[in-house]
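Subject: Structure handover

Hello,

Here is the structure for you to take over. My notes come after it.

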Amino acid sequence: MKHLKVYLIVLMLLIVGFTSPSIYADMGPKPTTDVEIIGLDQPYDFDLLKVYDKEVEVLDDDALDTALSYYYKDTISSSLNGYQDDDGYASYSLYTNIPRRIEQKSEHVYHCGYFAPPDVFKVVVVTTNGCMYISPVIRKQTLDAYITFDMSESVVDANQEENQGTLPILQIHELDQNTIYQVVPAGQAVREIISTVLFTIVIEGLVLFAFGYRKISSFMTMLYVNLATQAVLYVGIILGYLYWTTLGWIIILLIGEALVFALELFIFRKYLIEQTKKKAIIYTIAANLVSLGIGLLSVTYVFSLIF
């Protein structure tokens, strides 16, 4: 019993030490979308368009102020208030009730996140010259997406009409698929997978040491098992998101961790022979609790990834 208390204290210290900098009231990885606007030099308002099942209404001043509390600036183009296209897409900032936020990261890069930016959406920009530019439908391929909306060859020069004193009421331009590109940093993805797997091995190695294992054979067993199980697990998580979006990777994570635990329990009980089988079982439970806790906080970095 005395030794069990020591193990539990070590386990708690490891969890706190490695996760406390990232813990918040609503902890856990969340989807984000970054959009870069290219080729538009005149002032504009940025937003996403999300599909809604029913027709949206024009917001009054109070409702508009509430919606804009999560927007990247204090005002939004009046053209988006009440606008809904033929496909049912309307302003994400004005008509989404769940916690959301759009922030301007740099002059032409916008960060959409906090809770759940849509997986399927359109990008919209409205210029001060009365032109609305709408992208084709975008389907996110990763949990953390980076989208470029290249308008270089599509922007209509509305300045000419303004200079002649005839500001257009509203001109809507629906742009084609060639204007959209999703950046897929495959090299970064591979590095993140490798670093995540190695990090997990280090953590489980420290737990193994805390449980009194000292032989090289014990650590090599732990190494081989984790190289196989963690690599397969993270690839499964990635594929889960790509095919089933947010719910997919959560399901794969939970099922995968359960399978990994069962497999490690069988292998470590049989092959961690330096100490008793009972201690090998307790170690497996402790190591998997630690890796699960850290995995929930770090897995988000793996999703900047291939499709």
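Predicted model: local features only at pLDDT ≥ 70, side-chain atom pairs only at ≥ 80, totals over all residues.

Residues are numbered from 1 along each chain as its sequence is written, and side-chain values use heavy atoms, with hydrogens and water left out.

Overall make-up

The protein has seven helices and 11 strands. Both are DSSP runs, numbered from the N terminus: helices are H or I with at least four residues, strands are E with at least two. Of the 307 residues, 45% are buried. Buried means under 20% relative accessible area, exposed over 50%, and partly exposed in between (1.4 Å probe, protein chains only). Take the contacts (heavy atoms within 4.5 Å) with a separation of 6 or more: 76% join residues 24 or more positions apart.

Cores

The largest nonpolar core has 42 residues. Such a core is a set of buried Ala, Val, Leu, Ile, Met, Phe, Trp, Tyr and Cys residues joined through side-chain atoms within 4.5 Å. Ile-37, Phe-46, Leu-94 and Val-123 have the most contacts inside it. Strand β6 (residues 120-127) gives this core its largest share, five residues. A second, separate core has 19 residues, among them Val-197, Tyr-213, Met-222 and Leu-272. Beyond its neighbours within four places in sequence, Phe-46 contacts residues including Val-35, Ile-37, Tyr-71, Ile-102, Tyr-110 and Val-123.

Helices

In helix α2 (residues 61-68), Leu-64, Ala-67 and Leu-68 are buried. They lie on the same side of α2, because they cover an arc of only 95° around the axis. That arc is taken from the directions from the helix axis to the C-beta atoms. The buried residues of α2 pack against α3 (92-95). Asp-62, Asp-65 and Thr-66 are exposed, on the face turned away from the buried side.

Helix α5 (residues 186-210) holds Val-202. Val-202 counts as partly exposed, at 49% relative accessibility. Its C-alpha atom is 9.1 Å from that of Leu-223, 21 residues apart along the chain.

Two strands pair if DSSP finds at least two bridges between them.

β1 (residues 32-38) and β9 (residues 144-150) run parallel, joined by seven bridges. Thr-32 has Asp-144 as its bridge partner in β9. β1 and β5 run antiparallel, with four bridges. Here Thr-33 is partnered by Cys-112 of β5. β4 and β5 are also antiparallel, with five bridges. They form a hairpin with two residues between them. Ser-106 has Val-109 as its bridge partner in β5.

β5 (residues 109-113) is largely enclosed by the rest of the structure, because five of its five residues are buried. Val-109, His-111 and Gly-113 point one way, Tyr-110 and Cys-112 the other.

Best wishes
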